[in-house]
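Student: I would like to learn how to read a sheet and its surroundings in a model. Could you walk me through one?

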Amino acid sequence: MSLKRKGDAESQVLPRTRTKKKLKRPPLYKVLFHNDDYTPMEFVVLLLTSIFGRSEVEATEIMLHVHNNGLGVAGIYPFAIAETKVTEASAAAEKSQYPLLVTMEPADDGEDAEGPSSS
């Protein structure tokens, strides 16, 4: 759009440009269950259903994966949520006097948070 002002040879009104800010997704963390010889399988399934919101079938699949492979992914979450779930699961295991080890580690880019277990 061109406008002429008095005294200006040519003046031009430029539209205001707005840059959209791209929001970066927060880094994700895997919550890991480690196998041990003392924590009952039923207790692991209970934690996976109550704390991690897994169905009975998903929880059983994850528990068997942990049992057979020594390690399994309970879920993938932003840092604060992963940290809270690790704390809750560890506290429940300690209260029940089980040595279940629950840890977290950064997830690789492109990980699918919906899968029951990818390790």
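Tutor: Gladly. Let us begin with pairing: two strands pair if DSSP finds at least two bridges between them. Keep in mind that this is a predicted model. Here Y29 stands opposite P106 in strand 5.

Student: Over how many bridges do strand 3 and strand 5 pair?

Tutor: Six bridges, in the antiparallel sense. Strand 3 also pairs with strand 4, again antiparallel, over seven bridges. On that side F33 stands opposite G72, and L32 faces V73 of strand 4.

Student: What is the order of the strands in the sheet?

Tutor: The order is 4-3-5, in an open sheet of three strands with antiparallel pairing. Strand 4 and strand 5 are at the edges with a single partner strand each, so one side of each has no neighbour in the sheet. On average, neighbouring strands are turned by 25° against each other, direction ignored.

Student: Which helix packs on the sheet, touching strand 3 and strand 4?

Tutor: Helix 2 does, and its direction makes about 130° with that of strand 4.

Student: Is strand 3 largely enclosed or left open?

Tutor: For burial, the cut-off is under 20% relative accessible area. Five of the seven residues of strand 3 are buried, so the strand is largely enclosed by the rest of the structure.

Student: Which residues have the most contacts inside the largest nonpolar core?

Tutor: A nonpolar core is a set of buried nonpolar residues such as Val, Leu and Phe, joined through side-chain atoms within 4.5 Å. The largest one here has 22 residues, and V31, F33, L48 and F52 have the most contacts inside it. Strand 3, helix 1, helix 2, strand 4 and helix 3 each supply at least two of its residues. Helix 1 gives the most, with five. As for V31, its contacts beyond four places in sequence include F52, V73, Y77, V86 and T103.

Student: What does T103 touch, not counting residues up to four places away in sequence?

Tutor: T103 touches K30, V31, L32, H34 and V86. K30 is 73 residues from T103 in sequence, yet their C-alpha atoms are 8.2 Å apart in space. With H34 there is a polar contact, side chain to side chain, at 2.7 Å.

Note on methods:
Residues are numbered from 1 along each chain as its sequence is written. This is a predicted model: local features need pLDDT of at least 70, side-chain atom pairs count only at pLDDT 80 or more; totals for chains, interfaces and linings use all residues. Side-chain values use heavy atoms; hydrogens and water are left out. Contact means heavy atoms within 4.5 Å. A polar contact is a pair of N or O atoms within 3.5 Å; within protein, one must be able to donate a hydrogen and the other to accept it, and residues adjacent in sequence count only if both atoms are side-chain atoms. Buried means under 20% relative accessible area, exposed over 50%, partly exposed in between (1.4 Å probe, protein chains only). Helices (H or I, at least four residues) and strands (E, at least two) are DSSP runs, numbered from the N terminus. Axes are lines fitted to C-alpha atoms, for helices over the stretch in contact, and angles run from 0 to 180 degrees between N-to-C directions.
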